[in-house]
Structures are given as structure tokens and as C-alpha cells.
Protein chains: 2
Amino acid sequence: MKYNLNFNDVAESYLFAEVADRVAKYSKANPDKKVIKLGIGDVTLPLVPEVIKALHAAVDDMAEKETFKGYGPYEGYSFLRDAISDYYKKMGVALEEGEIFVSDGAKSDLGNILDIFDKDNVVLVPDPVYPVYVDTNVMAGRKVLFADASEQNGFLPMPDYSVDADIIYICSPNNPTGAAYTEAQLKEWVDYANSKNAVILYDAAYECFITDNSLARSIFRIEGAKTCAIEFCSLSKIAGFTGTRCGYTIVPHALEKDGMNANKLWLRRQSTKFNGVPYIVQRGAAAVFSEEGMKQIQNNLSYYKRNAQIIAECLDELGIPYTGGNNSPYVWLKCPRGMSSWEFFDYLLFNAQVVGTPGAGFGRNGEGYFRLTAFGSRENTEEAVKRIQLLLK
Amino acid sequence: MKYNLNFNDVAESYLFAEVADRVAKYSKANPDKKVIKLGIGDVTLPLVPEVIKALHAAVDDMAEKETFKGYGPYEGYSFLRDAISDYYKKMGVALEEGEIFVSDGAKSDLGNILDIFDKDNVVLVPDPVYPVYVDTNVMAGRKVLFADASEQNGFLPMPDYSVDADIIYICSPNNPTGAAYTEAQLKEWVDYANSKNAVILYDAAYECFITDNSLARSIFRIEGAKTCAIEFCSLSKIAGFTGTRCGYTIVPHALEKDGMNANKLWLRRQSTKFNGVPYIVQRGAAAVFSEEGMKQIQNNLSYYKRNAQIIAECLDELGIPYTGGNNSPYVWLKCPRGMSSWEFFDYLLFNAQVVGTPGAGFGRNGEGYFRLTAFGSRENTEEAVKRIQLLLK
């Protein structure tokens with residue numbers, strides 16, 4: 001038996017382990033200092049009452065023979081798929097029956113979707129980037145090219161027709177940079193993909209943070225996207241489902257080539273290697289899309305959005321360049337005084353007791369940048385900003 | 001972009017669709033006849049009270065900031081891994097810290113585990129068999145060999161040293177045949193795998209139906225298994241979790257070759273392409289392993305086991321050869337009067353209004369056999385058996 005040797009080529013990521021290690025050392029040496037963590041990408045507010053109510057009701061369903069649910073549809077219950085379809089309708093996107101697949105999260109599907117593509121495809125990934133786009137492809141032995149995101153292009157790389165890519169990753173609003181494409185910019189990517197016969201894997205996990213109407217919340221707002229794109233979304237950030245696990249993937253019927261159809265391939269993959277999302281969780285997820293549920297989650301989103309603004313306003317006052325903050329829970333700032341990512345990490349930890357994430361951990365182009373997140377408490381966010389002001393003004 | 005052409009080689013399974021189609025046609029033509037379905041592989045009893053209680057408590061945890069859970073450990077919470085470890089201890093199997101991975105079901109892990117193995121491994125699968133072992137490997141482009149299960153070997157194929165297999169699937173008690181290996185027989189497979197440097201993927205999803213002590217409930221009861229086996233198990237059948245989704249996979253630390261370690265590779269795979277099982281579901285799963293929970297689920301298991309016995313006793317009286325029935329929820333019978341699987345399907349449907357699953361749908365060696373399951377209600381099982389008696393005596 002032979003193991004998959006490609007695993008040897010996956011870079012070990014010590015980013016968050018190294019962050020935790022440095023913080024632990026500092027706290028041990030300075031037990032009296034209160035450290036504030038704004039490095040975290042996880043939500044902190046509890047599930048909203050409508051979701052809790054739906055989860056309890058679903059648990060009760062599982063207790064009685066008449067309402068008990070065994071194996072469900074691989075692609076999710078229609079009560080949830082219909083709710084998601086309505087959510088898209090309100091964004092101006094019409095999805096067809098069978099194009100929505102309920103999943104246990106965008107991360108799983110972003111990795112698993114690669115099963116339907118040949119090994120010999122060239123992958124194009126922005127740099128800096130959420131590491132799993134690269135890792136999942138390296139594990140499969142695919143060649144990965146990078147599209148440079150930088151201050152020059154506002155951390156929004158645009159298509160380069162001299163590059164022949166087959167599988168293109170786009171995350172907008174982006175993790176870690178917070179930068180988000182306009183619909184006009186995305187149209188350029190859709191045109192590129194259609195002209196190259198490429199597929200765009202569009203990670204929309206942070207779409208709920210968009211307030212600016214010129215920015216795209218779904219790639220299917222763009223004409224031509226249905227012949228070249230798959231969209232991944234998640235309830236993790238919109239509704240605090242990071243520990244409840246539910247997402248969805250849109251695979252258009254129109255996405256096909258040489259007699260092979262992506263939607264059919266994905267259904268075959270899922271029915272062979274997946275058995276659906278827990279009924280209880282799907283009921284909770286459907287409540288997110290109810291009128292009352294949507295109202296309640298908007299309160300939570302507003303809380304996080306205001307946190308992001310508070311951080312952004314601080315950087316504005318200090319004259320530090322950044323992306324994100326608006327339309328994103330992430331604020332991606334240029335380390336002041338020419339510091340490297342890790343230099344600034346230590347500087348901020350030692351002098352303001354604030355923890356963020358060094359941009360260098362997200363790719364070559366992340367060096368010299370730093371990520372702060374809006375997922376902390378209001379109190380901690382305000383306190384952190386005060387300390388940063390004091391330190392850097 | 002190129003799709004994965006291996007998907008073209010995956011046989012379309014029309015088995016359950018064809019079953020549903022023939023039943024629908026019959027019912028339409030005979031609206032007055034009550035059709036009893038014993039073809040189903042899904043549980044019908046609701047979750048037990050201890051599990052329901054734990055699920056409700058976990059939902060409440062998600063409603064408060066202090067007890068809310070975001071991202072959990074990729075390999076599952078320790079409260080559940082410890083409970084599983086204790087369950088194994090009671091079977092006489094000592095597992096080390098870090099060898100248990102909580103999953104959303106055995107099916108997902110049985111498919112996903114293939115990520116850690118090279119494409120160029122030869123796969124050995126029993127015939128007849130649960131179709132996903134074959135399909136997942138065909139999708140990845142691997143060569144699949146079959147080990148013939150038949151009446152001659154009691155549907156329990158033994159190792160053939162003239163065959164060089166790299167990845168060996170064993171499902172015991174087996175789906176669909178219900179046949180289960182003794183520990184002595186499994187020792188032969190473990191010795192074969194160790195001598196060939198092969199890995200056994202051991203599907204233990206039906207271990208909870210074993211009452212005979214000479215039969216293996218875990219491959220890790222066998223000396224030498226930790227250097228050659230991965231075990232997959234599920235709460236679907238033991239606790240009715242088919243719609244609640246929880247299972248676990250045991251990857252021993254000792255399973256390694258050429259400096260690559262299966263446990264580390266699987267953790268890397270899961271942390272890159274999976275984000276854990278819902279906290280709520282893990283709390284429900286832990287309740288299964290509590291003293292009271294275990295007592296309650298044994299009642300449900302006894303109910304299904306008695307159903308299986310009722311079917312087996314009927315076949316005994318009729319003198320029809322079968323495997324399973326004891327130590328398994330499945331009864332795998334030889335179609336009487338030399339009928340083919342589908343002939344017997346129609347014969348039973350038309351003359352006794354009982355639905356089972358044609359064995360031919362599980363592989364070449366399934367032709368001439370038929371599967372009945374114990375997951376129906378007692379009333380339906382007894383009525384079905386009465387009709388079969390009347391028809392075949």
C-alpha cells in the first residue's frame with residue numbers, strides 16, 4: 001500500500017499555533033496584563049432565539065415515531081432549499097430546482113468539490129488567501145498558480161489573459177484582506193472564465209457583511225456566471241453556525257462541458273460520499289431565513305459590523321492604510337513604520353496587549369500586513385482600539 | 001478545465017429507484033392491497049429519551065453567550081471521544097489518545113479516507129457489497145478486484161495469498177449478507193494484510209447487532225490489527241442516528257509506512273477539508289454511551305433483533321437457506337425454486353405484497369439472492385412473515 005505522497009508537499013501551517021505560543025509566553029511573563037484577542041475568526045454571539053426555538057422543535061420531532069426522521073435527501077430537505085432559494089430571489093438571483101445543495105459548511109464543500117475535477121487542471125488562487133484553497137489542491141497533486149493581491153490593486157487581482165487557469169478561486173469579501181469585488185469587476189472574471197473554459201469556485205462566506213450595493217453578494221448576479229461558476233456559502237458568519245455546521249453550495253445546471261454536467265457529477269459525489277446534514281440542524285438553518293429569524297440575525301451582524309467600523313475609524317485617524325472594515329468582518333492593515341507582520345505582532349502584543357494575525361501567514365503578499373477581526377466583544381474592541389491609538393498616534 | 005473522467009466509469013445504480021418504480025406501479029394497479037416494505041435499510045424507532053434530553057440541553061448551551069460553542073476540535077470534543085474510548089474498553093480494546101476521530105457518519109469517512117492513499121493502490125472488495133466501496137474507488141481511478149462471497153464460503157471470503165491487494169474492505173456483520181467473521185477468521189485477514197503491507201478498511205457499522213461472543217465487534221480485538229487497520233463505525237444503527245449524523249473512525253498511531261503515518265495524514269485531511277460535527281449532535285451522541293442511554297438503546301436494538309429472528313425462524317421452517325438474521329439486522333436468503341433476484345422480487349410483491357431488495361443489485365454474486373431487513377415495525381414484520389409462509393410453504 002502506498003500513501004498519498006502529495007501530502008508531503010502540503011506546507012505545515014504553524015500560524016495560529018505560533019500566535020498562541022507567543023501569547024502564552026507573554027501572558028506567563030506578564031500575568032497582570034489583560035490581553036485582548038482580535039485575531040480570532042470565530043463568532044462569539046449565541047444563536048438567535050428563532051433558531052433556538054426551531055432546534056428545540058426539531059429535537060422534539062426526533063423523539064416521536066410519527067415525526068422521526070431517518071436518512072434525508074443527500075442535497076438537503078426542500079424546506080431549507082426553498083428558504084435559500086427565496087434568499088437568493090431577494091438578491092435578484094433566480095436559482096433552478098436542484099441547483100442548491102445543503103452541506104455541513106463551505107469548507108467541506110470547497111475541498112470536496114475537487115473530486116469532480118481532473119487532477120490535471122491548473123489552479124489559480126489569490127495571494128494572500130485562506131490556506132485551504134491551496135492545501136486541498138496540493139493534496140490532490142494539482143499545480144497551483146497565484147494571482148497577486150497587493151496595495152496596487154486594492155487586494156483585488158483582476159484576470160490576466162496570458163495565464164491559462166482551469167480552476168479559479170475567488171473569495172469576496174476576502175479572507176484575510178476584507179476586500180470585496182464590485183459586480184463590474186466580477187463580470188471581468190466571469191468573462192475570463194467563460195473564454196478560457198475555466199470554472200470559478202466562488203467563496204461567498206462573508207456576503208452578509210456587504211452593505212454597499214455596488215459590491216457583489218452572489219456571483220450569480222453576474223451575467224454568464226451560470227456557465228462558469230460554483231458558489232459556496234455558509235451560515236457560520238451570517239447566523240453564528242461555526243459550531244452548528246451548515247452551509248450550501250450552488251451548482252448551476254448550465255455548468256457543463258464535453259457531455260459532463262457539474263451538477264450531476266456533484267450529486268453523484270455527494271450521494272456516494274455524504275449522507276446529508278442533520279435534520280435538526282437543517283430546521284435551525286431554515287429559521288435563519290424566516291422573517292423573524294432574519295431580523296434577529298441582522299442585530300448580531302450589526303454588532304459585528306460596528307466593531308469592524310470602530311477598528312476602521314481608528315486606522316483612519318492614525319492614517320494607516322487598510323482594506324476591509326466596511327463590507328467585511330476583517331480589517332487588513334499595513335504594518336506601520338515598515339514593520340514586518342511578525343514584528344508588528346510582537347510590538348502590539350508587548351506594548352498594547354492586543355493580539356491580531358500576522359498577514360505573512362496567509363501568503364507571500366501578506367508580509368508587512370496584519371489582520372484584525374470584528375468578532376470580539378464591543379467592550380474589548382473599544383478597549384483595543386484605545387490602546388492602539390495611544391501606542392501609534 | 002477538465003472534469004474527472006473516472007465518473008463515467010461509475011456504474012449508475014438503479015437498484016432502489018427500480019424497486020420504488022415497480023412498487024409504485026403495483027400499488028397503482030392494486031390500490032386495495034397493503035404493501036409491506038422490508039427492503040429499507042433505515043431505522044424507524046425514534047431517538048431514545050436520554051439522547052433527546054442531551055440534545056435539548058445542548059441547544060440551550062447554544063443560546064447563551066457563556067455556554068455557546070463556535071468551531072470545535074476537528075477530531076471531535078473530548079467528552080465524546082472519551083465516551084467512545086470507554087465503549088471500546090468494555091469490548092476489551094484499548095485505544096490511545098488521538099486515535100478516535102468523530103465524524104458525520106461512516107459513509108463520509110469511508111469515502112474521504114481514500115484521500116490519504118495513492119491512486120495506484122489495488123483495492124479488494126467483497127462481492128456482493130455495499131456499493132460505495134467500489135464507487136468511491138472508481139471515482140478516484142483505482143483498480144478494484146473482488147473477493148467472491150458465496151454460499152460455499154458462508155458469504156465470508158478468506159484471504160488468497162496469490163492476490164496482491166493494497167486496500168482491503170471488510171464489512172462485518174456484512175451489508176447485505178448479514179454474515180459476520182469470527183475473531184479467528186479476522187486474524188487471518190490481519191495476518192494477510194500485515195504480510196502484504198496492505199491496509200484493511202473495516203466497516204463495523206453493524207457491530208451492535210452481534211450477540212455471539214466468538215464474532216468480532218472490533219477489528220482491534222485482533223492482535224496485529226493496529227499496524228494494518230482503520231475501523232469505521234456509526235451511531236446510525238446502534239442509536240437511530242441515520243438522520244442525526246454521527247459516527248467515528250479509529251486510525252491507530254501504529255499504522256505507518258515509509259515515514260508516513262496514517263493518523264497524522266487523516267488529521268491533516270480532516271483539518272483541511274472538514275470542520276467537525278455539530279456540538280449539539282456530539283452531546284446527543286455522548287448520551288448514547290451513558291449508562292442510562294445504553295440501557296435505552298438496547299431496548300431498541302432488541303426490538304430490531306427480534307424482528308430479524310422472526311424472519312429467520314420463518315425461513316428455517318420453510319427450509320430456505322440464508323445468512324444473517326442473528327448478529328445482523330439483515331437476512332440474506334436464497335431465492336426459492338431457482339428464481340433470479342428480480343423474479344423473486346416480483347413474485348413476492350405480486351403474491352404476498354412484501355417488498356425486499358434483489359441481491360443482484362449488490363454485485364455479481366448477489367444474483368439469486370434477496371435481502372430482507374429487520375428495521376420495519378413488529379406488526380409489519382409479523383404480517384410479512386405470515387404472508388411469506390402462506391406463499392412458499
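Trainee: Where do Asp21(A) and Lys25(A) lie, and how many residues apart are they?
Mentor: Both sit in helix α1 of chain A, residues 15–29, and they are four residues apart, about one turn of the helix. Keep in mind that this is a predicted model.

Trainee: What do their side chains do?
Mentor: The side chains of Asp21(A) and Lys25(A) meet in a salt bridge, at 3.4 Å from N to O.

Trainee: Buried or exposed, that Lys25(A)?
Mentor: Lys25(A) is exposed, with a relative accessible area of 57%.

Trainee: How many salt bridges does the structure hold?
Mentor: Over all chains, 41.

Trainee: Which residue pairs with Glu99(A)?
Mentor: Lys226(A) does, in a salt bridge whose closest N and O atoms are 2.9 Å apart.

Trainee: How far apart in sequence are the parts that this pair ties together?
Mentor: They are 127 residues apart in sequence. Glu99(A) is in the loop between α3 (78–90) and β2 (100–103) of chain A, while Lys226(A) is in the loop between β6 (199–203) and β7 (229–234) of chain A.

Trainee: And is Glu99(A) buried or exposed?
Mentor: Glu99(A) is buried, at a relative accessible area of 1%.

Trainee: Over to chain B. What does Glu18(B) form with Arg22(B)?
Mentor: A salt bridge, with the closest N and O atoms 2.7 Å apart. Glu18(B) and Arg22(B) are four residues apart in helix α1 of chain B (residues 15–29), so about one helical turn separates them.

Trainee: How accessible are those two?
Mentor: Both values fall in the partly exposed class: Glu18(B) has a relative accessible area of 27%, and Arg22(B) comes in at 24% relative accessibility.

Trainee: Which residues are joined into one network by salt bridges that share partners?
Mentor: Glu12(A), Asp135(A) and Arg268(B) are joined that way.

Trainee: Asp135(A) and Arg268(B) again: which helices do they belong to?
Mentor: Asp135(A) belongs to α5(A) and Arg268(B) to α8(B).

Trainee: What is the handedness of the crossing?
Mentor: α5(A) passes α8(B) in a left-handed crossing. On the α5(A) side, the contact is made by Val132(A), Asp135(A), Thr136(A) and Met139(A). On the α8(B) side, Arg268(B), Arg269(B), Thr272(B) and Lys273(B) take part.

Trainee: What does the contact have, by class?
Mentor: There are two nonpolar, two polar and four charged residues in the contact of α5(A) with α8(B).

Trainee: New topic, backbone geometry. Which residues does a cis peptide bond join, with omega about 5°?
Mentor: Asp127(B) and Pro128(B). Pro128(B) lies in the loop between β3 (122–127) and α5 (132–139) of chain B. Another cis peptide bond joins Asn175(B) and Pro176(B), with omega about 20°. Pro176(B) is in the loop between β5 (167–171) and α6 (183–196) of chain B.

Trainee: What about phi at Arg245(B)?
Mentor: Arg245(B) has a positive phi of about 65°, although it is not a glycine. Arg245(B) is in the loop between α7 (235–239) and β8 (247–250) of chain B, and it is buried, with a relative accessible area of 2%.

Trainee: And Arg337(B), what is its phi?
Mentor: Positive too, at about 55°, and Arg337(B) is not a glycine either. Arg337(B) sits in the loop between β12 (330–334) and α11 (341–352) of chain B. Arg337(B) is exposed, with a relative accessible area of 55%.

Trainee: Last one. What is Ala54(B) in contact with, leaving aside neighbours within four places in sequence?
Mentor: Arg283(B), Gly284(B) and Ala287(B). Ala54(B) lies in helix α2 of chain B, residues 49–61. Ala54(B) counts as buried at 17% relative accessibility, because buried means under 20%.

Terms used: Residues are numbered from 1 along each chain as its sequence is written. Chains are lettered from A and ligands numbered from 1 in the order in which they are written. This is a predicted model: local features need pLDDT of at least 70, side-chain atom pairs count only at pLDDT 80 or more; totals for chains, interfaces and linings use all residues. Side-chain values use heavy atoms; hydrogens and water are left out. A crossing is left-handed if the near helix is turned anticlockwise from the far one by less than a right angle, and right-handed if clockwise. Helices (H or I, at least four residues) and strands (E, at least two) are DSSP runs, numbered from the N terminus. Contact means heavy atoms within 4.5 Å. Ala, Val, Leu, Ile, Met, Phe, Trp, Tyr, Cys and Pro count as nonpolar, Asp, Glu, Lys and Arg as charged, and the others, Gly among them, as polar. A salt bridge is a side-chain nitrogen of Lys or Arg within 4 Å of a carboxyl oxygen of Asp or Glu. Buried means under 20% relative accessible area, exposed over 50%, partly exposed in between (1.4 Å probe, protein chains only).
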